[in-house]
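Subject: Handing over the model

Hello,

Here is the structure I promised to pass on to you. Have a look at it first, and then read my notes below.

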Amino acid sequence: MLDTLLELQTRDTAIDRLRHRRDALPERAALESVRTELSTAGTQLAEMTTRREEVAREEQRFDDEARSLEDKAAEVERRMYSGEVTSPRELQALQADVDQLRRHRRGLEDRELEVMERRESFDAAVDELRSRVNELESEAERLGAALAEIEGEIDQELAGERAARDEIAVTVDDGLLDDYERCRTRARGMGAARLNGNTCQGCHLSIPSVEAERIRKSPAGTVAHCDNCGCILVP
Ligand SMILES: [Zn+2]
């Protein structure tokens with residue numbers, strides 16, 4: 001019966017290792033860090049896109065105004081050359097209007113050009129952020145798939161180990177199994193270990209030789225614990 005505990009311990013140790021390996025997969029940490037970066041880049045992209053749109057709207061306003069002024073100037077010119085107006089004084093006044101409208105238009109076009117340059121630098125920033133986001137998205141996808149694959153493999157191994165463990169566990173007396181589980185909780189996973197000479201193979205520390213001798217001479221099935229780690233010692 002005590003030897004069965006050692007088989008159980010072997011399975012439980014394998015399960016603990018697999019669970020620890022699953023929890024500490026570097027792919028998971030890498031995926032989390034990529035997701036954090038992705039969220040930051042996504043926020044930056046949204047902000048930059050908004051600013052770009054504001055500047056683009058400003059650019060469009062200048063463009064619309066400049067066009068409207070040119071339309072007005074063209075309309076005045078049309079009247080000047082239509083023959084409807086013959087008074088030189090009036091024609092002079094109309095020419096002055098045309099000149100003023102075009103001056104105003106050129107002023108607006110200069111401002112539009114400045115805004116366009118700003119908009120173009122925002123375009124470049126938006127493009128850069130967008131390709132960064134795309135890059136991070138593919139990286140997250142790749143890591144996610146890799147993580148799922150490794151987790152799947154570990155889960156399969158775990159299922160096998162758990163099934164084997166349960167098969168052994170049902171053959172162990174309930175009281176002894178409870179004792180074993182209590183020891184495992186106290187001794188960082190070690191519920192039972194071989195007593196090898198005076199050394200507990202659970203904690204690799206020695207117990208007094210008198211004590212070791214007493215354990216070896218006890219009737220079969222007598223439960224004794226290691227003084228150091230508390231696990232069940234199997235002579
Ligand atoms: Zn021990």
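Before the helix pairs, a word on geometry: axes are lines fitted to C-alpha atoms, for helices over the stretch in contact, and angles run from 0 to 180 degrees between N-to-C directions. Please keep in mind that this is a predicted model, in which local features need pLDDT of at least 70 and side-chain atom pairs count only at pLDDT 80 or more, while totals for chains, interfaces and linings use all residues. Residues are numbered from 1 along each chain as its sequence is written, and side-chain values use heavy atoms, with hydrogens and water left out.

The overall picture

The protein has five helices and four strands; helices (H or I, at least four residues) and strands (E, at least two) are DSSP runs, numbered from the N terminus. Along the sequence they come in the order α-α-α-α-β-β-α-β-β.

The C-alpha atoms fill a box of roughly 135 × 30 × 25 Å along the principal axes. The radius of gyration is 42 Å, whereas a compact globule of 235 residues would have one near 18 Å. That radius is taken over C-alpha atoms, and the globule rule is 2.2 Å times the number of residues to the power 0.38.

Of the 235 residues, 34% count as buried (buried is under 20% relative accessible area, exposed over 50%, partly exposed in between, with a 1.4 Å probe and protein chains only). Contact means heavy atoms within 4.5 Å. Among contacts between residues at least 6 apart in sequence, 73% join residues at least 24 apart.

How the helices pack

Let me start with α2 (residues 26-80) and α3 (residues 88-169). Their axes are 5 Å apart, and the angle between them is about 165 degrees. This makes α2 roughly antiparallel to α3; the scheme counts angles under 35 degrees as roughly parallel, over 145 as roughly antiparallel, 65 to 115 as roughly perpendicular and the rest as oblique. α2 passes α3 in a left-handed crossing, where left-handed means that the near helix is turned anticlockwise from the far one by less than a right angle, and right-handed that it is turned clockwise. The residues of this contact divide into 34 nonpolar, six polar and 28 charged. Here Ala, Val, Leu, Ile, Met, Phe, Trp, Tyr, Cys and Pro count as nonpolar, Asp, Glu, Lys and Arg as charged, and the others, Gly among them, as polar.

Arg-119 is worth a click while you are on α3. Is Arg-119 buried or exposed? At 15% relative accessibility, Arg-119 counts as buried. Leaving aside neighbours within four places in sequence, Arg-119 is in contact with Arg-52, Val-55, Ala-56 and Glu-59.

Ala-93 is also found in α3, and this residue is partly exposed, with a relative accessible area of 39%.

Next, α1 and α3 pack at an angle of about 160 degrees, with axes 9 Å apart. α1 is thus roughly antiparallel to α3, and the crossing of the two is left-handed. On the α1 side the contact includes Leu-8, Ile-15 and Leu-18, and on the α3 side Ile-154, Leu-158 and Arg-162 are among the residues involved. By class, the contact of α1 with α3 has 10 nonpolar, one polar and 12 charged residues.

α1 (residues 2-23) also comes up against α4: the axes come within 12 Å and cross at roughly 40 degrees. The two helices are therefore oblique to each other, and their crossing is right-handed. Leu-2, Leu-5, Leu-8, Gln-9, Asp-12 and Asp-16 in α1 meet Leu-176, Leu-177, Tyr-180 and Arg-184 in α4. That contact has six nonpolar, one polar and three charged residues.

Two backbone details

Most residues other than glycine have a negative phi. Arg-188, which is not a glycine, has a positive phi of about 45 degrees. Arg-188 sits in the loop between α4 (174-186) and β1 (192-196) and is exposed, with a relative accessible area of 84%.

His-204 is not a glycine either, and has a positive phi of about 60 degrees. His-204 lies in the loop between β2 (199-200) and α5 (209-217), and at 56% relative accessibility it counts as exposed.

Best wishes
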